[in-house]
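Subject: Structure for you to look at

Hello,

Please find the structure below. My notes on what turned up in it follow.

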Amino acid sequence: MSDCHDCHVNSVIAPPPRVRSLARKTVALVGPPNSGKSTLFNVLTGLRQKVANFPGVTVEHRTGFLRLDNGREIDLVDLPGVYSLDPRSEDERITRDALSGSIEGIPRPDAVLLILDSTNLGRHLMLAASVLGLGIPTMVILNMADDLHKRGGSVDTQQLASQLDAPVVLISAAKRQGIETIRNYLEGQFAVPRPVELPILQDVPRCRQWSAKLGLRAKYRPPAPPIWTRRLDRVFLHPVAGPLVFLAVVILVFQTIFSGARPLMDGVESLVSISGTWIANQLPDVWWRDLLKEGVWGGVGSVLVFLPQILLLFLFIGLLEDSGYLARAALIADRTMARVGLQGKSFIPLLSAYACAVPAIMATRTIENKRDRIATILIAPFMTCSARLPVYTLIIAAFLPDHPILGRFLGTQAAAMLGLYLLGFLAAVLTARLLKSSILKSDRTPFVLEMPPYRWPTWRFLALRLLDRAHVFLRRAGTVILGVAIALWIMAHLPLKEGKAPPIEESVAGTLGRVVEPAIRPLGFNWKIGIGLLTSLAAREVIVGTLGTIYGIEGDAVDGEASKGLQKALQRDLTPAGGLALLVFFAFAMQCMSTIAVVRRETGGWKWPAVQFAYMTGLAYVSAFAAFHLF
Amino acid sequence: MLQLSFTRKHRPPGGKRATLAELRNGEQAVLERLDLPEDNARRLMELGFLPGNIVSAAHSAPSGDPRVFRVDGSEVALRRETARHMKIRVTD
């Protein structure tokens, strides 16, 4: 496929005849980054799509389903954004393999939809050379027609079609113009293209000459430079105003996901608990009533509560990415992030990790460089997420009397809290350095960041993204969390004594606590803390509730009288050094099933979550040991 | 920073060979050669950094690095570590 085809050029092709074939077809969607590929994919398939990773790699692909007016069913596969099919990079190799049908689970496509940015046709047409050379029926879709026309550009699609011997259509996916033509094409008989004269693909300058010649023949007039983008960049990339805008955006994002999401999260929490109680009240007094209420409902609730944060974060990221500002923010943050071996695009995910590592890890998708992405995923859980707060609050309140340090502004307890934030941040920075100078040393790929023109985000696509993220999160993380919650509940309630649940120390969970006790004794923890550490594997804040149960304290243990009781109980069981060790342990350990589940999902296997869990737990153990003995 | 201003001051006018890293906001030049490993050069060429193309420098991050370059109808930001391996012919 790679070499020159010295063949004839065909003339204008007639629209393909419609057929009534009901056989299911596979169609691949291919295009360079920033060509509007995902927008077109969403327009064509709506919500009927599923996400999966390619076997063994971190690259994901989406498959969407379409039913056409003539009854034909189409599986539309969205392949990674690529500039060429040069097999030297992972994305491109996968795209090429998928197009040739050599990837398990993806049949060789019956047709290709090649989407290119019409405002940058000269450069984007180079990809057409690679794709058309494969000999698969291909429709060439020129996107962003509205932008092209607005800025005074034009192209003769009929001419281009006859030059390429492939149907060409000019559309605007965001405005949903020209979509009918694509659907008509998909309904028809896919015509195998007759080979046209193509350049030698390995030779980029020749390819560019080929596409320039093609553009000339198709009377392509490139659009004028985007005036508004230039104007906005004068502000957003201004040496003084730029960083100020950046800081304002950062504060807005942080504030919203950190405190703005709070009322919504509380709302979800009470909704879950009220509905749980209501359902339990409707049921007869059977043994599985408590399992349903505490295990299933509690488990579901512990996942659902993250949803507002995730949706808000993705609303922001969607706005930033679709408008084009995210690339500017990455540019501004790049220098700082480069100091720890990362890059500008890691900044927003790491910032979000202060709220919750789960959406942060999902947000690393905007980082194209695989090693930088993995490094960002690995350090994100060190950031002090909101689930650590109840634990920190409880232990600090139990062991550190509040004295003013700086008058009313800073007390010892607040200072301790800040210190813990700093501790997590330092661990992240040092780990990043360690990773980037060893196993994730940047491949020699240079850092390139395309600056797309600014565009208005459309609500429809923002909503679609949010729904998609919510779906992914609930289905994948939800199943794991639910399983663990049920298992924990059962372990805390077995073996039955006289038909009733035993006291916690005699349950399976209590036995497990005693089993781990020798291992955690050097850190200053006893078996009760051990149970808490085990249950907090599901989610960090679970330890507060668990300790409440173990010490037999009723009610919500975090606030009010119950919290005082829990503090007293902790003081009896832990020395101050043990308290410090527990804080340090929580700062470093990866106690979060949702995070583990999402890392597995995003990295496409158990390798990275296993490495991460071992590293973080090891670091937590060693540091807690040091803290207990040095204090 | 220091070394950069030094180079700028002593750059003879006309066709003296310099690198993309020395272009300031608003200046443009013809790209001559990419002194980078083949894979990387190829990647950059796919983005428009082809020898013979006119590259103009635009805004940068506050520290001056990375900088946005306009080439072949698009805007691409590069770090200085990459830009200084890209030889140019200044046209002013």
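Which residues make a nonpolar surface patch of about 460 Å²? The patch is formed by Ile490(A), Leu494(A), Leu496(A), Val508(A), Leu512(A) and Val515(A). Please bear in mind throughout that this is a predicted model. Helix α20 of chain A, residues 508-520, gives the largest share of the nonpolar patch, with three residues. Val515(A) is located in helix α20 of chain A. Val515(A) counts as exposed because its relative accessibility is 56%, and the cut-off for that class is over 50%.

Next, the interface.

Chain B and chain A bury about 3,000 Å² between them, and carbon and sulfur atoms give 56% of that area. On the side of chain B, the residues that lose the most area to chain A are Arg42(B), Glu46(B) and Arg79(B), which together account for 22% of what that side buries. In terms of residues, the contact takes 35 from chain A and 30 from chain B.

How many salt bridges does the rule find across the interface of chain B and chain A? There are six salt bridges across it. Glu75(B) forms a salt bridge with Arg230(A), and the closest N and O atoms of the two are 3.3 Å apart. The rule also finds 13 residue pairs in polar contact across the interface of chain B and chain A, both residues being at pLDDT 80 or more. As for the elements involved, at least two residues of the side of chain B that touches chain A are supplied by each of α2 (38-46), β3 (54-60), β4 (67-71) and β5 (74-78) of chain B. The largest share of that side is from α2(B), with eight residues.

Now chain B taken by itself.

The chain has 92 residues, of which 54% count as buried. Its secondary structure consists of three helices and six strands, and the order of the elements from the N terminus is α-β-β-α-β-β-β-α-β. Of the contacts in chain B between residues at least 6 apart in sequence, 57% join residues at least 24 apart.

Last, some backbone geometry to check.

Most residues other than glycine have a negative phi, and most peptide bonds are trans. In chain B, the peptide bond from Asp65(B) to Pro66(B) is cis, and its omega is near -5°. Pro66(B) sits in the loop between β3 and β4 of chain B.

In chain A, Asp165(A) is not a glycine but has a positive phi of about 55°. Asp165(A) belongs to the loop between α5 (157-164) and β7 (168-170) of chain A. Is Asp165(A) buried or exposed? Asp165(A) is buried, because its relative accessible area is 7% and the cut-off for buried is under 20%.

Lys219(A), also a residue other than glycine, has a positive phi near 50°. Lys219(A) is found in the loop between α7 (204-217) and α8 (227-236) of chain A. Lys219(A) has a relative accessibility of 53%, so this residue counts as exposed.

Regards

Definitions and conventions. Residues numbered from 1 in each chain as written. Chains lettered and ligands numbered in written order. Predicted model: local features only at pLDDT ≥ 70, side-chain atom pairs only at ≥ 80, totals over all residues. Heavy atoms only, no water. Patch = residues over 30% accessible without salt bridge, like charges linked within 9 Å, V, L, I, M, F, W, Y side chains within 5 Å. Areas by Shrake-Rupley, 256 points an atom, 1.4 Å probe, with all protein chains shown as cover. Salt bridge = Lys/Arg side-chain N within 4 Å of Asp/Glu carboxyl O. Helix = DSSP H or I, 4+ residues; strand = E, 2+ residues; numbered from the N terminus. Buried < 20%, exposed > 50% of the residue type's maximum accessible area, 1.4 Å probe, protein only. Contact = heavy atoms within 4.5 Å. Buried area = accessible area lost by both parts, 1.4 Å probe. Polar contact = N/O pair within 3.5 Å; in protein donor to acceptor, adjacent residues only side chain to side chain.
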